[in-house]
Amino acid sequence: TSYGFFCYVFLWGYGLWALHDKIWVYDTVQCWVNFPFQDLDPEIYFYYLIELAFYCTLCISLFSDVRRKDFTEQIIHHIATITLITCSYCANFTRVGTLVIIIHDASDVWLEGAKLFVYCRKNKIADQLFTVFAIVFLVTRDLVYPYMVLHTTWVKSMWLYTPYFGYYAFNAFLFIIMILNLFWSFTILRMAYRMSKDDSGVENDDRSDAEEFSDEADDASNVVLSSAVEDKKEK
């Protein structure tokens, strides 16, 4: 959890620095101007490399972590994320790719931070961070993502180009990410509702069945964060 937290803090902070002066962040139609003959800035190249490396480690560690109800969704998400990062780099879809990454990393910082306080038995702070995480997740994944990314790739791209096979394949993976975001949004809202009805806070993870925990994991896993979303991004 500490590894994930510090990685997300670094990645999100670096992403803000790398993208703060990029024109396509403020005018998303610029994602397609002069495509595919767009220069790849060194900071964007490095951003892609560290994101890809990080999500590869998450995909590997998922099999050694406590298995939860959304294990299948996590696998699908990680595969879609790694595929999007790799293919968008090869096809020079990096401008759209950076938008996907920065949007998804925004909420994961709060999730991992909340989990750290759960493990430290500071449940009140964890509950507050979970609330921030839920708000950021719902806003960025369910509102900002479809507006800035899906609308850009489905609508604005057609202002300058005609569809081709890679266009449909690329958008298919983006919609897989959107479907998973909606699935986890529902789970987050359900957990938030349960938190409002009792005092258990985020101590029990809604994704986990008791019988799914190993004996070794039982001591710590009862305090695993409830948020439903290890959603790593993809970004």
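Guide: Begin with handedness. A crossing is left-handed if the near helix is turned anticlockwise from the far one by less than a right angle. In this predicted model, helix 3 passes helix 5 in a left-handed crossing.

Visitor: At what angle do the axes of helix 3 and helix 5 cross?

Guide: They cross at roughly 50 degrees, and the axes come within 11 Å. Helix 3 and helix 5 are therefore oblique to each other.

Visitor: Which residues meet there?

Guide: Helix 3 brings I44, Y47, Y48, E51 and Y55. Helix 5 answers with T94, G97, T98, I101, I102, D105 and D108. By class, the contact of helix 3 with helix 5 has six nonpolar, three polar and three charged residues.

Visitor: Now helix 1 and helix 3. How do their axes lie?

Guide: Those axes come within 10 Å and cross at roughly 160 degrees. Angles over 145 degrees count as roughly antiparallel. So helix 1 is roughly antiparallel to helix 3. Helix 1 passes helix 3 in a left-handed crossing.

Visitor: What makes the contact between helix 1 and helix 3?

Guide: From helix 1, the residues include Y3, C7, F10, L11, Y14 and W17. From helix 3, they include I44, F46, Y47, I50, F54 and Y55. The classes in the contact of helix 1 with helix 3 are 16 nonpolar, two polar and two charged.

Visitor: Let us step back to the whole chain. How many helices and strands does it have?

Guide: Eight helices and zero strands. Of the 235 residues, 51% count as buried. Sequence separation is the next thing to read. Among contacts between residues at least 6 apart in sequence, 80% join residues at least 24 apart.

Visitor: And how should I read the core?

Guide: Start with the general idea. In soluble globular proteins, nonpolar side chains tend to be buried together. Here, the largest nonpolar core has 38 residues. F54, Y55, V96, Y145, V149 and L174 have the most contacts inside that core. Helices 1, 3, 4, 5, 6 and 7 each supply at least two of its residues.

Visitor: Which helix gives the largest share of this core?

Guide: Helix 3, with eight residues.

Visitor: What is V96 in contact with, leaving aside its neighbours within four places in sequence?

Guide: C31, W32, V149, T153 and F170.

Visitor: Which residues does the second, separate core include?

Guide: That core has ten residues, among them L111, F133, W184 and M195.

How values were computed
Residues are numbered from 1 along each chain as its sequence is written. This is a predicted model: local features need pLDDT of at least 70, side-chain atom pairs count only at pLDDT 80 or more; totals for chains, interfaces and linings use all residues. Side-chain values use heavy atoms; hydrogens and water are left out. A nonpolar core is a set of buried Ala, Val, Leu, Ile, Met, Phe, Trp, Tyr and Cys residues joined through side-chain atoms within 4.5 Å. Buried means under 20% relative accessible area, exposed over 50%, partly exposed in between (1.4 Å probe, protein chains only). Helices (H or I, at least four residues) and strands (E, at least two) are DSSP runs, numbered from the N terminus. Contact means heavy atoms within 4.5 Å. Axes are lines fitted to C-alpha atoms, for helices over the stretch in contact, and angles run from 0 to 180 degrees between N-to-C directions. Angles under 35 degrees count as roughly parallel, over 145 as roughly antiparallel, 65 to 115 as roughly perpendicular and the rest as oblique. Ala, Val, Leu, Ile, Met, Phe, Trp, Tyr, Cys and Pro count as nonpolar, Asp, Glu, Lys and Arg as charged, and the others, Gly among them, as polar.
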